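Student: I have the sequence and the coordinates open. Can we go through how a few descriptions are reached?

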Amino acid sequence: MPGYWEALDTLTRLTADEGLYVRAVLIGAVEPFGGVWHADRRDVWSGAVRQRGERFALQAARRLAPHPHVIIELANEPAEIGVRDNVEGLVALGRAVKALTPRTLVGGGAVDRAADTTPRLATAPFDYVDAHIERVMGVGGFAWVRLSGEYGAIDQERAPKRMPFISGEPVNFGERRQDGRNEDVER
């Protein structure tokens, strides 16, 4: 996309000027890299799709490395976007990103639902673990906090390594959806 890298540089500079932190998710979907999303979430992270995605992730990491207010997450919900069967490939990419950004916090991707059984994203080379815990209001709006102890990869008593945990999507505040699918949207 023309101007993408310049826009990323501007965003990074502006957020630094405002004292804000940025969580940069490098692979939000496989479609930008030529992949096709399938409702069954089958793995499509291979061949040219994977090569283009990895090339983009490494280029983004190089650009973001000098900025101490940026944390990186490699993939948004890997099991949901088509990187389900290639966790070791994601870990290898994590090692390469970490080598380029040794002072940056790097996460592998959200360990929710099917990926919760993948504790590999909760160990080195990653520095933190993310989980997009079910976004229900309950318990005064923080049911996700209670649920965090029920995920194997982030339960600090069962995790392979104790590490910081975030919920990158705790509650979806926002506009009501036109299609009526508002189960995780709170006014």
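This is a predicted model: local features need pLDDT of at least 70, side-chain atom pairs count only at pLDDT 80 or more; totals for chains, interfaces and linings use all residues.

Student: Why is Thr-12 called buried?

Tutor: The cut-off for buried is under 20% relative accessible area. Thr-12 has a relative accessibility of 4%, so Thr-12 counts as buried. Thr-12 belongs to helix α1, residues 4-17. Leaving aside residues up to four places away in sequence, Thr-12 touches Leu-64, His-67, His-69 and Val-70.

Student: How do you know that the end C-alpha atoms of helix α4 agree with the span of its 14 residues?

Tutor: Helix α4 covers residues 87-100, and at 1.5 Å a residue it should span 20 Å. The end C-alpha atoms of α4 are 20 Å apart, which agrees.

Student: Which residues of α4 are buried, and what covers them?

Tutor: Val-87, Gly-89, Leu-90, Val-91, Leu-93, Gly-94, Val-97 and Lys-98 are buried in α4. Their cover includes strands β1 (22-27), β2 (70-75) and β3 (106-110), and helices α2 (47-64) and α3 (78-81).

Student: What makes α2 and α4 roughly parallel to each other?

Tutor: Angles under 35 degrees count as roughly parallel. The angle between α2 and α4 is about 25°, and therefore the two helices are roughly parallel. The axes of α2 and α4 are 9 Å apart, and their crossing is right-handed. On the α2 side, Arg-50, Glu-54, Ala-57, Leu-58, Ala-61 and Arg-62 make the contact; on the α4 side, Gly-89, Leu-93, Ala-96, Val-97 and Leu-100 do.

Student: How many residues of each class are in the contact of α2 with α4?

Tutor: The contact has 7 nonpolar, 1 polar and 3 charged residues. Gly counts as polar here.

Conventions. Residues are numbered from 1 along each chain as its sequence is written. Side-chain values use heavy atoms; hydrogens and water are left out. Helices (H or I, at least four residues) and strands (E, at least two) are DSSP runs, numbered from the N terminus. Buried means under 20% relative accessible area, exposed over 50%, partly exposed in between (1.4 Å probe, protein chains only). Contact means heavy atoms within 4.5 Å. The expected span of a helix is 1.5 Å times one less than its number of residues. Axes are lines fitted to C-alpha atoms, for helices over the stretch in contact, and angles run from 0 to 180 degrees between N-to-C directions. Angles under 35 degrees count as roughly parallel, over 145 as roughly antiparallel, 65 to 115 as roughly perpendicular and the rest as oblique. A crossing is left-handed if the near helix is turned anticlockwise from the far one by less than a right angle, and right-handed if clockwise.
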